[in-house]
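Work through the exercises below with the sequence and the model open. Each task is followed by a solution in steps.

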Amino acid sequence: MELRCGRIGGQAVRRMMDGDTRDGGGGSKDTGLEEYENLPPSVSLSTHMTAGAMAGILEHSIMYPVDSVKTRMQSLHPDPKAQYTSVYGALKKIVRTEGFWRPLRGINVMVMGAGPAHAMYFASYENVKRTLNDVFHQRGNSHIANGIAGSMATLLHDAVMNPAEVVKQRMQMYNSPHRSALSCIRTVWQTEGLGAFYRSYTTQLTMNIPFQAIHFITYEFLQEQVNPRREYNPPSHIIAGGLAGAIAAAATTPLDVCKTLLNTQEHVALSLANISGRLSGMVNAFRTVYQINGLSGYFKGIQARVIYQMPSTAISWSVYEFFKYFLTKHQLENRTPY
C-alpha cells in the first residue's frame, strides 16, 4: 500500500486523526491544526496496541546488544575479564571472548515481554492523554496531561516487563550460569520464589515514572517545535524521540543502577557490602550502591544507558507513528468507496 497521503485521502486521514469522522472536507477553523497525535474514538483500540507492540519488539530487538553492555557496565564489582571503557569496546570484547551470539542471550524473553507490555503502554498513554487534554485544554496539548498519561501507562508496562527484565539481566551478566530463558525462570522460581520476579518492581516504577514523565513531556514539546501541524513526519519523530529518550535516561541513571542491582543480586557486590541473603527494597539498594562505589556508583553505565536509550526511543516512536498512520489510513481506505 502506498503510504504517501494524496490530497483528498491525506486530508481525510488527518481529519480522522482529529476525531472528525465526517465525509466532507473542511477542518476546524478554531484550531487550524490537523492533530496527528490524537486518534479518534472511532479507531479501534487494536490500532494503538498493534502499533505499540511492533514498536516495542523492534526497539528492544535492534538495541538488545547495547542493552547487554549497559547491564554489565552497571555492575558494582565486575569481574576483571568484564571491565569495559566503551560500548563499542565492550561489544568487541564480548564477541571475541564469549562468542558472536553472546550479546543476544536473553533476547527471546525480552521480545515476549516487550510486545504485550508496549501494546498496553501506548494504548493507555494515548487514551489517558486524550481524556486529560480534553479536561485541561479542550483538545489542546497539556504537558501536565502528557506527564500523567505517561506515568499511568508505566504502571501497566512494568507489571509485564519486570519479570522479563529480571530474566534477561541475569542472562546478560558475565559468567551467567543460565543458558536459556526457561532454565533461568525455573532456577529463580525454585531458589528465590515468585517474589524474585518483582523484587525490583517498586524501584522500576520509581525510576520509570519520572523517566516516562520526562520522556513524554519532552517528546510532545519537541513535536510542537519541529512538527507543529502534527502530520506524519518520520524525521520529526526520530529527532524528538531520540532527544527525549537521551534526556530522560541521563536524569534517571541512578535509579537504573539500583534496579540492575536488585534484578541481578550481584554476589560479589553484596559480599563486599556484608549483605547475606537477598537484597530487597529501593532504600537498601541506594545504600548498597553508595557503600561500594560512593556517588560515582550511581552513574555507572550512564554512557551506555544514553547510547542505548537515544536510538531506542527514536526507533520506538518512529515505528509506532508509522504503524499508527498506516493502520489508520488502511482503516479509512477500507470504508471509503472509490
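The exercises use a predicted model and cover a helix pair, a residue in a helix and salt bridges.

**Exercise 1.** Determine how H5 and H7 are oriented to each other.

Solution. Two packed helices are described by the angle between their axes and the distance between the axes. The axes of H5 (residues 143-172) and H7 (residues 201-226) come within 7 Å and cross at roughly 140°. Angles over 145 degrees would count as roughly antiparallel and 65 to 115 as roughly perpendicular, so H5 and H7 are oblique to each other. The crossing of H5 past H7 is right-handed. By class, their contact has nine nonpolar, 10 polar and four charged residues.

**Exercise 2.** Decide whether Ser312 is buried or exposed, and find its contacts beyond four places in sequence.

Solution. Locate Ser312 in helix H12 (residues 302-335). Its relative accessible area is 0%. Buried means under 20%, so Ser312 is buried. Leaving aside neighbours within four places in sequence, Ser312 contacts Glu59 and Met63.

**Exercise 3.** Compare where the partners of the salt bridges Arg170 with Glu192 and Asp256 with Lys259 lie.

Solution. For Arg170 and Glu192, the closest N and O atoms are 2.7 Å apart. Arg170 lies in H5 and Glu192 in H6 (residues 181-192), so this pair ties together parts 22 residues apart in sequence. For Asp256 and Lys259, the N to O distance is 3.2 Å. These two are three residues apart in H9 (residues 253-264), and therefore separated by about one helical turn. Asp256 and Lys259 are both buried. Shared partners join Asp67, Lys70, Glu165, Lys168, Asp256, Lys259 and Arg305 into one salt-bridge network.

Technical notes:
Residues numbered from 1 in each chain as written. Predicted model: local features only at pLDDT ≥ 70, side-chain atom pairs only at ≥ 80, totals over all residues. Heavy atoms only, no water. Axes fitted to C-alpha atoms, helices over the stretch in contact; angles between N-to-C directions. Helix = DSSP H or I, 4+ residues; strand = E, 2+ residues; numbered from the N terminus. Parallel < 35°, antiparallel > 145°, perpendicular 65-115°, else oblique. Left-handed = near helix turned anticlockwise from the far one by under 90°. Nonpolar A, V, L, I, M, F, W, Y, C, P; charged D, E, K, R; others polar. Buried < 20%, exposed > 50% of the residue type's maximum accessible area, 1.4 Å probe, protein only. Contact = heavy atoms within 4.5 Å. Salt bridge = Lys/Arg side-chain N within 4 Å of Asp/Glu carboxyl O.
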